[in-house]
Structures are given as C-alpha cells and as structure tokens.
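Q: Hi, could you walk me through this structure? I'd like to start with the overall picture and then look at the pockets.

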Amino acid sequence: MIVDSLAALEAIYDAPLAPASTAKVAASITPAYAALIAASPFAVLATSGPEGLDCSPRGDRPGFVQVADPRTLILPDRRGNNRIDSLRNIVRDPRVGLLFLIPGSGTTLRVNGTALISADPDLLASFRVDGHAPRTAVVITVAEVYFQCARAIIRAGLWDAEARVDPATLPTPGAILAALTAGAVGGARYDAEWPERAAKTMW
C-alpha cells in the first residue's frame, strides 16, 4: 500500500505527541542549544536546488560553527573537492537544514533556516586556522532549532567501540574511482598519496 495523502499517513502515526516533542522546539539558539553546537565537531548540511537535494558532511574542530547571535549561525566553508554543490544550491534556494553530532553523545541537534554566502574578508579572517581562512562562509538565519532523542544513535551503536568497521573490509576511494573510470582515475596510488595530500590541504 502506498501512503499518498496526509490523512492516510496520520492514520498510521495516530499516537498523540509527547509534550517533549513540541516543547523542545525553539525559534532561536538557547544557551543549552549553544552549548551543544560548541561541543560539536561534525554537522551535515542539507540544501535544495533545481537539480534536487544535497546533503554534505562538514567537520572541523569543536565549535567550528559560530553562534553570532541567537538567530544567526556562521559555518566556514573549509577546503574540499571544489564541487560547491551546497553553495550553488544556497545561491538559488536559501533554505537549509543542519544536523549536529557530538561524539559520545546520543543527543543530536537539528537547525532549520535560510542562508546566504559571505565573502567578507573580516568575517573570513575570524575563521583562520593555521594561517588559512575559508574562501566563503555560510551565514544561517535560524527559523527553528531542537534536539533529537538518542534512539537512532543507540540503534546504530554509532559510538560503540565494538560497532566500528575495519576500513580494510571496505572499498577504498581509489578502488571506487578506478572501477567507475576503467582505471583512468584512482587506483592504489591514489589511496597511497591521499593522506599526505589531505594533510597539506586540510585548511
């Protein structure tokens, strides 16, 4: 059976909402929510554009997303693959979502709002790491923010040591590229050179 209407969907999920499900939602960054953001070294940025949706991992030192004021977050755009998919989307559709994760904690934090891209030199200079400033920063106006309970993290065993996967059992980036390009790109040399290349271009 395909669920193709709100009425059909709501009939399946007909249990009343627990008070916490709505009480946790805030229209601005509260002190408690600011503390979670300050502790997080990793977030996922969701954007939307004419080509569809995009979800991009963002990681840095804890607190890398700055709380400029209770309604404003600033996310530096660190060096990456230069595809700029998220930034292209924001230029054309400002709606964004952020999901913050904190290693060791089951609590995640969700932020929805709108964004713009800033290339202000003074702003970018405030995000310098090892002498390197980002080329742009994503300035997010917060519409709503709320925590997510720990069920997903617990079910996944995300922070459990015994749940860690041995990387040697997985396809490497070099192997994936080689398979996609009939060996023209990637391969064992790509994998061997990547750690040094990444270390030189981290910031």
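Predicted model: local features only at pLDDT ≥ 70, side-chain atom pairs only at ≥ 80, totals over all residues.

Q: Thanks! How many helices and strands are there?

A: The protein chain has eight helices and seven strands. These are DSSP runs (helices H or I, at least four residues; strands E, at least two), numbered from the N terminus.

Q: And which domains is the chain divided into?

A: Domain 1 covers 19-159 and domain 2 covers 165-202, with bounds from an automatic or database domain assignment. Their C-alpha centres lie 28 Å apart.

Q: Now the pockets. What is the volume of the largest pocket?

A: The largest pocket holds about 1200 Å³ of space. A pocket here is an open set of points on a 1 Å grid over the protein atoms alone, where a 1.4 Å probe fits, with protein on both sides within 12 Å along at least five of seven lines; lining residues have an atom within 4 Å of a point. Points are joined across faces, edges and corners, and the volume is the space filled by probe spheres set on them.

Q: Which residues are closest to its centre?

A: Arg78, Arg79, Gly80, Asn81 and Asn82, out of 35 lining residues. Strand S2 (52-59), strand S4 (72-76), helix H4 (85-92) and helix H8 (188-200) each give two or more residues to the lining, and S2 gives the most, with six.

Q: Where does this pocket lie relative to the domains?

A: Between them, because domain 1 and domain 2 both give residues to the lining.

Q: How do the lining residues divide by type?

A: The lining of the largest pocket has 16 nonpolar, eight polar and eleven charged residues. Ala, Val, Leu, Ile, Met, Phe, Trp, Tyr, Cys and Pro count as nonpolar, Asp, Glu, Lys and Arg as charged, and the others, Gly among them, as polar.

Q: What about the second largest pocket, which residues line that one?

A: Its lining includes Ala18, Lys24, Phe147, Cys149 and Arg155, and its volume is about 210 Å³. Helix H6 gives the most to this lining, with three residues.

Q: Switching topic: which residues touch the most other members of the largest nonpolar core?

A: Leu73, Leu98, Phe100 and Val145, in a core of 23 residues. Such a core is a set of buried Ala, Val, Leu, Ile, Met, Phe, Trp, Tyr and Cys residues joined through side-chain atoms within 4.5 Å. The largest share of this core, five residues, comes from S7.

Q: What is Val145 in contact with?

A: Leaving aside neighbours within four places in sequence, Val145 has contacts (heavy atoms within 4.5 Å) that include Val25, Ile29, Tyr33, Leu109 and Val111.

Q: One more: is Thr72 buried or exposed?

A: Thr72 is buried, with a relative accessible area of 16%; buried means under 20%, exposed over 50% and partly exposed in between, using a 1.4 Å probe and protein chains only. Thr72 is found in strand S4 and, not counting residues up to four places away in sequence, touches Gln66, Val67, Val139, Ile140 and Val142.

Key:
Residues numbered from 1 in each chain as written. Heavy atoms only, no water.
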